[in-house]
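Work through the exercises below with the model open. Each task is followed by a stepwise solution.

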Amino acid sequence: MAERTIKWGIMGPGGISRTFATDLKRVEGAELVAVGSRSKERAEAFAAEFGAKRAYGSCEELAADPEVDIVYVGTVHPAHRDNMLTLIRGGKAVLCEKPFTMNAKQAEEVIREARVRGVFLMEAMWTRYLPPIVKVREWLREGKIGEVLLMTADFGFDIGWQPEGRLLNKELGGGALLDAGIYPVSFASMVFGTQPKRISSTARIGKTEVDEQFAALFEYEDGRAAQVAAAVRLRTSNEAILYGTKGQIRIPDFLFGKSATLLVHGEEPVTFTDNREAKGYNFEAEEAMRCLREGKKESDVMPLDETLAIMRTLDALRAQWNLTYPYAD
Ligand SMILES: NC(=O)c1ccc[n+]([C@@H]2O[C@H](COP(=O)([O-])OP(=O)(O)OC[C@H]3O[C@@H](n4cnc5c(N)ncnc54)[C@H](OP(=O)(O)O)[C@@H]3O)[C@@H](O)[C@H]2O)c1
């Protein structure tokens, strides 16, 4: 029997929503039916481009659309909390872009609302669902590299000097940590299955008063450690390396996850390569749809308690740099 079609809405017709909608077309049993924006015209243009039937000039109207099962929230980070609360109160399942919220307090509030109302909620940490990362988790579960004692991961790119753009603009939640740094932080959380017990870090705060780059050392029990870094005005290698007692795992360009190499000491290297045509946002959509069909309220791969714990780690890092977002903190 064919599985029931899941009807999607998208809130925020911007850059990442365009990429998500493109990959969603490849997902069997998914249909984009409605788009929401602060501007009806922008919603209409996006709906026309991606074949959605309806377009709304507010999140409230999208939340009230009876045909919509789940909404992908692709707005700028400071809008995530309000968008999610509106959608959850409308009974919609939600898949929200990273960072889930601006801080842990907001994350707690949204998670509580979803749990009280019994609504599905998931952070769109898309990298966790990419086939090479799924393979890495399998290698770790199987103990292929023994106990992981050390890891490094960084994600840095250079957008140049764009003070008004989203990435450097404090009002829009700018800064390397919330946009790019969350990836290595979330990756360390996935690998060690916990948050660091001690953090030391440094950040370079730019003219717009947000972190243009940061580097951190995360310490866990028994001296295990993760070195993480991110930047929005500096290119870095974007590689993740896991060092275990029996070998290593190397993931070049780990954020985009096209391949991963297992190097067990004394054995030939094994490389897992994914030749997908999609960018890879289809996998998180498939996970959300699988959960919805099974009646689950959250994903086991990116559980809400972990999303919240990661937000607390981001808060702790920002506290070390005295970086606050006055409208959110
Ligand atoms: N998973 C990934 O690979 C990935 C990649 C890039 C970005 N992201 C995340 O996705 C989110 C959006 O990033 P983006 O690059 O797509 O951003 P964007 O194109 O600059 O903006 C996305 C949408 O947010 C809405 N928006 C803009 N300013 C707003 C404001 N002040 N208040 C409320 N809504 C506002 C706009 O929709 P309307 O004005 O039409 O309502 C806009 O279309 C961010 O949280 C980012 O971290 C994820």
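**Exercise 1. The domain interface**

How many salt bridges are counted between domain 1 and domain 2? Then describe the contact around them.

Solution. 

Step 1. Note the kind of model. It is predicted.

Step 2. The domain assignment gives domain 1 as 6–126 + 281–297. Domain 2 is 131–273 + 310–320. Their centres, taken over C-alpha atoms, lie 26 Å apart. Domain 1 brings 16 residues to the contact, and domain 2 brings 16 residues.

Step 3. Count the charged pairs. There are 2 salt bridges between domain 1 and domain 2. Lys98 pairs with Asp179 in a salt bridge, with 3.8 Å between the closest N and O atoms. That distance passes the cut-off, N within 4 Å of a carboxyl oxygen.

Step 4. Between the two domains, 6 residue pairs are in polar contact, both residues at pLDDT 80 or more.

**Exercise 2. The domain 1 side**

Which helices each supply at least two residues of the side of domain 1 that touches domain 2?

Solution. 

Step 1. Name the helices. They are α4 (77–89) and α5 (104–117). The most comes from α5, with 3 residues.

Step 2. Sort the residues of this side.

Step 3. Turn to area. Domain 1 and domain 2 bury about 1400 Å² between them. Carbon and sulfur atoms carry 67% of it.

Step 4. Find the main contributors in domain 1. His77, Lys98 and Trp126 lose the most area to domain 2. Together they make up 32% of what that side buries.

**Exercise 3. Arg54 and Asp65**

Where in the chain do Arg54 and Asp65 lie?

Solution. 

Step 1. Check the pair. The side chains of Arg54 and Asp65 form a salt bridge at 2.7 Å, N to O.

Step 2. Arg54 sits in strand β3 (residues 54–56). Asp65 sits in the loop between α3 (59–63) and β4 (70–73). The two are 11 residues apart, and the pair links distant parts of the chain.

Step 3. Apply the cut-off: buried means under 20% relative accessible area. Asp65 is at 2%, so Asp65 is buried. Arg54 is at 26%, so Arg54 counts as partly exposed.

Step 4. Widen the view. A network of salt bridges links Lys7, Lys53, Arg54, Asp65 and Glu67. The whole structure holds 31 salt bridges.

**Exercise 4. Two further pairs**

What are the closest N–O distances in the salt bridges Arg318 with Asp329 and Lys144 with Glu142? Classify each residue by accessibility.

Solution. 

Step 1. Take Arg318 and Asp329. Their closest N and O atoms are 2.7 Å apart. Arg318 belongs to helix α9 (residues 304–320), and Asp329 to the segment after α9, so the pair ties together parts 11 residues apart in sequence.

Step 2. Classify this pair. Arg318 has 3% relative accessibility and counts as buried. Asp329 has 43% and counts as partly exposed.

Step 3. Take Lys144 and Glu142. In this salt bridge the closest N and O atoms are 3.6 Å apart.

Step 4. Classify again. Lys144 is partly exposed at 35% relative accessibility. Glu142, at 47%, is partly exposed.

How values were computed: Residues numbered from 1 in each chain as written. Predicted model: local features only at pLDDT ≥ 70, side-chain atom pairs only at ≥ 80, totals over all residues. Heavy atoms only, no water. Domains from an automatic or database assignment. Contact = heavy atoms within 4.5 Å. Buried area = accessible area lost by both parts, 1.4 Å probe. Polar contact = N/O pair within 3.5 Å; in protein donor to acceptor, adjacent residues only side chain to side chain. Helix = DSSP H or I, 4+ residues; strand = E, 2+ residues; numbered from the N terminus. Buried < 20%, exposed > 50% of the residue type's maximum accessible area, 1.4 Å probe, protein only.
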